[in-house]
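Me: I have a model on my screen and would like a close look at one part of it. Could you take me through that part slowly, and then through what lies around it?

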Amino acid sequence: MTLLSNCTAKSVKDAAKSLVTGQLVAFPTETVYGLGADALNQRAVGRVYQAKGRPLNHPLIVHIASINNLTKWTKDIPEYAIKLAANFWPGPMTLILPRTDLAKDYITGGQENVGVRVPSHPIAIMLLDEFEALGGYGIAAPSANRFGKVSPTSANDVKLELENFLQSQDIILNGGSSSVGVESTIIKCIGPTPTILRTGAITISMVNNLLGIKIDASTQESIDQIRVPGLFRSHYAPSAKVFISGTPTIGDGFIALSKFSTPLGAIRLASPKNNEDFARTLYKGLRLADSKQLARVFVIPPTGDDIATAIRDRLQKAAQKE
Ligand code: TXA
Ligand code: MG
């Protein structure tokens, strides 16, 4: 496994070639790092599941270079989905739409719909462009972490997370720290109105304002409901136990907005200035808890209906018992 820093046009081109020959390429996106494979190569996609230790019925998002490629992977696209794509792509949003024959069961987990996203990180876009120039159709990529764990927001985090599960010819592209820091908003675009399956930087009110509708956050279906019943475990979780209420004591980790002072004896892991900064630094802070081998980390979740909604969602899942 090679970690490529200072990504040049040549190294990104070489990474695209590696995808074509069936290797895996971890790459930066503005949300979190993804572990990519040629979405039409069943063997390579199988290796993504293996490297993550992820159950096969959890579908993968297909990353494409531009909205122009949407109809390759999806059909029966509602007008509101076109509007969402036109306004929020490239960016931190995934659309779930009915699949074409290109999206095989090994991508969708056997479902009749597929998740598609155009990321905005320049290296992701460059990689997608190069890959498509070589005849590729899309890069299947989940977050580049072991199943149930914290998503990586830097190339080094990917290395620490997956180096024992990748092969020597696989590549990690280093594109710095992810600027958003939490995973994309997932919007199911099937039926007369959209459903938000996972919150993210594209907020419910941004969607409502754009489409002139009124989605109610409390009635939204969760992505977990789509998964196999009975499979219930924490997600986005570090090894340390996460608490979203209560007070830390000596030796416990602590993450909160900078306006909150650190309780006596607690170990400050992040002091974000605002909610965007919170999203950007949360996973780093949770990883720091593990590298310091802390048993517990206490987080004061941010308030508000901006990206704070996504942060609270991830924290609730991280704090869930296995
Ligand atoms: O920001 C992101 O979305 C990152 C970057 C790399 O793009 N990717 C990411 O992928 O978070 P992943 O696989 O870790 O999370 C995607 C979630 C999974 O829970 C998966 O089950 C769900 O989206 N998903 C994907 N396709 C779906 C589909 N067709 N229907 C329902 N859920 C789907
Ligand atoms: Mg993930």
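Which residues of E6 are buried on one side, and which on the other?

Reply: The mean pLDDT of the chain is 94, and 94% of its residues reach 70 or more. The stretch to treat with care is 227-231, where the pLDDT is below 50, and where the model shows five contacts beyond near neighbours in sequence. Where pLDDT is low, the predicted coordinates should not be read in detail.

Now to your strand. E6 covers residues 113-117, and five of its five residues are buried. On one side you will find Asn113, Gly115 and Arg117, and on the other Val114 and Val116, so both faces of the strand are covered.

Next, the strands beside E6. Strand E4 (residues 61-63) pairs with E6 in the parallel sense, over three bridges. Within that pairing, Ile61 has Gly115 as its bridge partner. Strand E5 (residues 93-98) is joined to E6 by four bridges, and these two run antiparallel. Here Leu97 stands opposite Val114.

Stepping back, E6 belongs to an open sheet of 10 strands, in the order E1-E8-E2-E3-E7-E4-E6-E5-E9-E10, with mixed pairing. E1 (2-4) and E10 stand at the edges with a single partner strand each, so one side of each has no neighbour in the sheet. Helix H1 (residues 9-20) packs on this sheet, where it touches E1, E2 (25-27), E3, E7 and E8 (171-173); the direction of H1 makes about 140° with that of E8. Elsewhere in the sheet, E3 (residues 34-38) and E7 (residues 139-140) run antiparallel and are joined by two bridges. Ala37 of that pair stands opposite Ala140 in E7.

Leu95 touches Val114, Gly115 and Val116, and its other contacts beyond four places in sequence include Ala81, Leu84, Trp89 and Ile187. Leu95 is one of the residues with the most contacts inside the largest nonpolar core, along with Leu35 and Leu84; that core has 46 residues. Apart from it lies another core, of 27 residues, among them Val32, Ala237, Val242 and Ile307.

The peptide bond from Trp89 to Pro90 is cis, with omega near -10°. Pro90 is found in the loop between H4 and E5. For context, most residues other than glycine have a negative phi, and most peptide bonds are trans. Asp76 is a case on the phi side: it is not a glycine, yet its phi is positive, at about 50°. Asp76 lies in the loop between H3 (70-73) and H4, and counts as exposed at 60% relative accessibility. Tyr236 also has a positive phi, of about 55°, without being a glycine. The place of Tyr236 is the loop between H9 (223-226) and E11, and at 9% relative accessibility Tyr236 counts as buried.

Just after H8, Gly212 takes a positive phi of about 65°.

Finally, there is an open sheet of four strands, ordered E11-E14-E12-E13, with parallel pairing. Its edge strands are E11 (241-243) and E13 (267-270), each pairing on one side only. The twist averages 30° from one strand to the next. Strand E12 (residues 253-255) pairs with E13 over three bridges in the parallel sense, and Ile255 stands opposite Ala270 in E13. Arg296 sits in E14 (residues 296-299) and is partly exposed, with a relative accessible area of 29%. Among its contacts beyond four places in sequence are Lys241, Phe243 and Gly253.

Terms used: Residues are numbered from 1 along each chain as its sequence is written. Chains are lettered from A and ligands numbered from 1 in the order in which they are written. This is a predicted model: local features need pLDDT of at least 70, side-chain atom pairs count only at pLDDT 80 or more; totals for chains, interfaces and linings use all residues. Side-chain values use heavy atoms; hydrogens and water are left out. pLDDT is the predictor's confidence in each residue, from 0 to 100. Contact means heavy atoms within 4.5 Å. Two strands pair if DSSP finds at least two bridges between them. Axes are lines fitted to C-alpha atoms, for helices over the stretch in contact, and angles run from 0 to 180 degrees between N-to-C directions. A nonpolar core is a set of buried Ala, Val, Leu, Ile, Met, Phe, Trp, Tyr and Cys residues joined through side-chain atoms within 4.5 Å. Buried means under 20% relative accessible area, exposed over 50%, partly exposed in between (1.4 Å probe, protein chains only).
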